[in-house]
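Below is a short briefing on helix packing and nonpolar cores in one structure. The sequence and the model come first, then the notes.

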Amino acid sequence: MSTLESERNQNILIIILSVVIPLAVAALFGIRIESLPRLGFLPPIYATINGLTAVLLVLAVIQIKKGNRNLHEKLIKTAMIFSVLFLLMYVAYHASSDATKFGDTNFDGIVSEAEKLVVGNSRVAYFVILITHIVLSIVVIPFVLFTYVRAARGKFELHKKLAKYTFPLWLYVAITGVVVYVMISPYYPS
């Protein structure tokens, strides 16, 4: 197989993954597996993984600016592994637990008008952060994969051009993942 053909196949695979992953997560999000034990311990773990991913991304940028390509690569690979771990835990949690509703202070699964009044405008802020987090977590998938493949193929100029967009998107997704957790954590049932 020629290099061009191999690259084309990788690009097709990235596009397929970029479509299949969000669709699979969306499909699995609506499935509650009753036989699974409730995995309520996972949200603080996957929020921590998001936070660590953000730290790794910043450290990776610092290392590449210092010219330390090997450490940069290791940090990025670790951030990618953390992102996959986050995704697996996120899906497992939502497959085993009912969705938590922001502002549901009595944990009945319904946010009443009285509960909405208690949380006030923080509800709007929560949903703005959550929606941008979700949308950009979908958008960032092909960016991360294409950026990584460009570096793996030694196309560092193309890698660098794409990384200028990938880094802030991925960092935003990682940080807002933590923010979303912190904002909704009071409403998780104990």
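**Helix packing and cores**

Helices α5 and α6 are roughly antiparallel to each other (an angle over 145 degrees; under 35 counts as roughly parallel, 65 to 115 as roughly perpendicular and the rest as oblique). The model is predicted: local features need pLDDT of at least 70, side-chain atom pairs count only at pLDDT 80 or more, and totals for chains, interfaces and linings use all residues. Residues are numbered from 1 along each chain as its sequence is written, and side-chain values use heavy atoms, with hydrogens and water left out.

**α5 and α6**

- Helix α5 covers residues 122–152 and helix α6 residues 156–184; they pack at an angle of about 150°, with axes 7 Å apart (axes are lines fitted to C-alpha atoms, for helices over the stretch in contact, and angles run from 0 to 180 degrees between N-to-C directions).
- Helices here are DSSP runs of H or I with at least four residues, numbered from the N terminus.
- The crossing of α5 past α6 is left-handed (the near helix is turned anticlockwise from the far one by less than a right angle).
- Residues in the contact of α5 with α6 comprise 24 nonpolar, nine polar and one charged (Ala, Val, Leu, Ile, Met, Phe, Trp, Tyr, Cys and Pro count as nonpolar, Asp, Glu, Lys and Arg as charged, and the others, Gly among them, as polar).

**Nonpolar cores**

- The largest nonpolar core holds 18 residues, and I76, M80, V140 and W170 have the most contacts inside it (a core is a set of buried Ala, Val, Leu, Ile, Met, Phe, Trp, Tyr and Cys residues joined through side-chain atoms within 4.5 Å).
- At least two residues of this core come from each of α2 (42–65), α3 (69–96), α5 and α6.
- The most are given by α5, with six residues.
- Leaving aside residues up to four places away in sequence, I76 touches L57, A60 and W170 (contact means heavy atoms within 4.5 Å).
- A second, separate core has 15 residues, including I49, F102, V119 and I184.

- Helix α1 (residues 3–29) and α3 have axes that come within 9 Å and cross at roughly 25°, which makes α1 roughly parallel to α3.
- The crossing of α1 and α3 is also left-handed.
- In this contact, I21, V25, L28 and F29 of α1 meet L87, Y90, V91 and H94 of α3.
- The contact of α1 with α3 contains seven nonpolar residues, one polar and no charged.
- H94, in helix α3, is buried, with a relative accessible area of 11% (buried means under 20%, exposed over 50%, partly exposed in between, with a 1.4 Å probe and protein chains only).
- Not counting residues up to four places away in sequence, H94 touches F29, I31 and Y46.
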